[in-house]
Amino acid sequence: MTQKDIASKFKGDVVIWITILILCVFSVLAVYSGIGKMAMRANDVSKEYLYLWRHVFIMVSGLILMWVVHLVNWHKFLQKTGFLFLVIACILLIITMFFGTEKNHAKRWIDLGVFLVQTSDIAKLALVVYLSGVFANIKEFENDFKQMLKWVYAPVCITCALIAKADNSTAMLLFAVVVLLMFFARIPMKKILTMMGICVIGVACVFLTLTVWKKIASDDNKPKSETRVDTGKSRIVHFLFEDRIPYEQDYMATLAVAEGGALGKMPGKSEHRFYLPNIESDYIFAIIVEEYGSLLGIFFIIVPFLVLTYRGIKIALKSSRPFSAYLVLGITFMYVFQAFINIGVSVDVLPITGQPMPFVSRGGSMFIMCCLAFGLVLSESRMNVEEKMAAEKNVAEIDEEVSEIKE
């Protein structure tokens, strides 16, 4: 059976399906190692299996969503509604800014009762969808600065600024993906640099306004709480200029990777999971390497994300629809970049960011949005295969008619 035959039955890129399933299997194993700490924090060891089954339920729900989405021809609908999608996402970011659930000095979540929704996950995908539609028709107004300001520069600046208020690293990640998409769209470097300058100035103005407003509104007698900007500054300074201090999270993550060695300590034997914060999310790669070793960590974590990159690029190149091609590229690089940022933090080559690893880290809305996004990628893969099969069928029918005429 050829790959084309398998793809016709699985309705999408088989390699992507297998790769995501491999990541999900390691997610269950790694999260199970990390949730023991969560149960201890809750002073109820019996909740250990509750956390695990909740993660498995979210994972299965996400995979079902991915299957449903990949069966739908979505490109025309999304191309028409991309701006509306982005507006809704920005409204959710504003609601989160004022009424969201606060954790670690940041309001990133909206509490729906059943679970928390991180609105920046929605905004990331919304901006990529919107810009894919814009870049598909960029030649119509590429040389008009006002139109570029209206349809490209302003939406990027506003979305990144709203995200950066509570999550600096996600805003920078999204901005990097936008710049990469502009390269793919063959937008001149001058216009890319212009957008970068406008966004930097815009974000700086937003932060300056919020800082002044906070000083005016705050009570001088109350102790000043640390903002996410202060946290980001301190993390960068610590990473660049300060020595690692034992028992701090970056030191412990590096130690976990180092002690894992080539073969690891075996599943469930991680010692550093009890010392690292958010071990089932932000530092999950460190625990995977500590328990399974660097060889398996590279083979089952790093290689799958490289495979996703290759398959995503291949699907985009085969697409006959510019909007779909840009969207597949944007989704692929956004989540692959996020994965390697998570890895970089664990091995101490990047400052602490708090970026979870797609398809591996524990998380409700993050995992669901990953599945939704790659459902769109698989849908485009399915459509490419169907178009190719239809074209081959038409050629065969034409050849058959020609042969009949000759006879």
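Okay, let's start with a contact. In helix α4, the residues Leu-78, Gln-79, Gly-82, Phe-83, Phe-85, Leu-86, Ala-89, Leu-92, Leu-93 and Thr-96 touch a set in α5, namely Thr-119, Ser-120, Ile-122, Ala-123, Leu-125, Ala-126, Leu-127, Val-129, Tyr-130, Gly-133 and Ala-136. Sort that α4–α5 contact by class and you get 15 nonpolar residues, six polar ones and no charged ones. Keep in mind, please, that this is a predicted model.

So how do these helices sit against each other? α4 covers residues 75-99 and α5 covers residues 119-136, and they pack at an angle of about 150° with 8 Å between their axes. Angles over 145 degrees count as roughly antiparallel, and therefore α4 is roughly antiparallel to α5. As for handedness, α4 makes a left-handed crossing with α5.

Now for the strands. Strand β1, residues 101-103, runs antiparallel to strand β2, residues 106-111, and three bridges join them.

Let's zoom out. What does the protein chain have in the way of helices and strands? Thirteen helices, written 13 on my slide, and three strands. The chain has 407 residues, and 47% of them are buried.

Terms used
Residues numbered from 1 in each chain as written. Predicted model: local features only at pLDDT ≥ 70, side-chain atom pairs only at ≥ 80, totals over all residues. Heavy atoms only, no water. Axes fitted to C-alpha atoms, helices over the stretch in contact; angles between N-to-C directions. Helix = DSSP H or I, 4+ residues; strand = E, 2+ residues; numbered from the N terminus. Parallel < 35°, antiparallel > 145°, perpendicular 65-115°, else oblique. Left-handed = near helix turned anticlockwise from the far one by under 90°. Contact = heavy atoms within 4.5 Å. Nonpolar A, V, L, I, M, F, W, Y, C, P; charged D, E, K, R; others polar. Pairing = 2+ DSSP bridges. Buried < 20%, exposed > 50% of the residue type's maximum accessible area, 1.4 Å probe, protein only.
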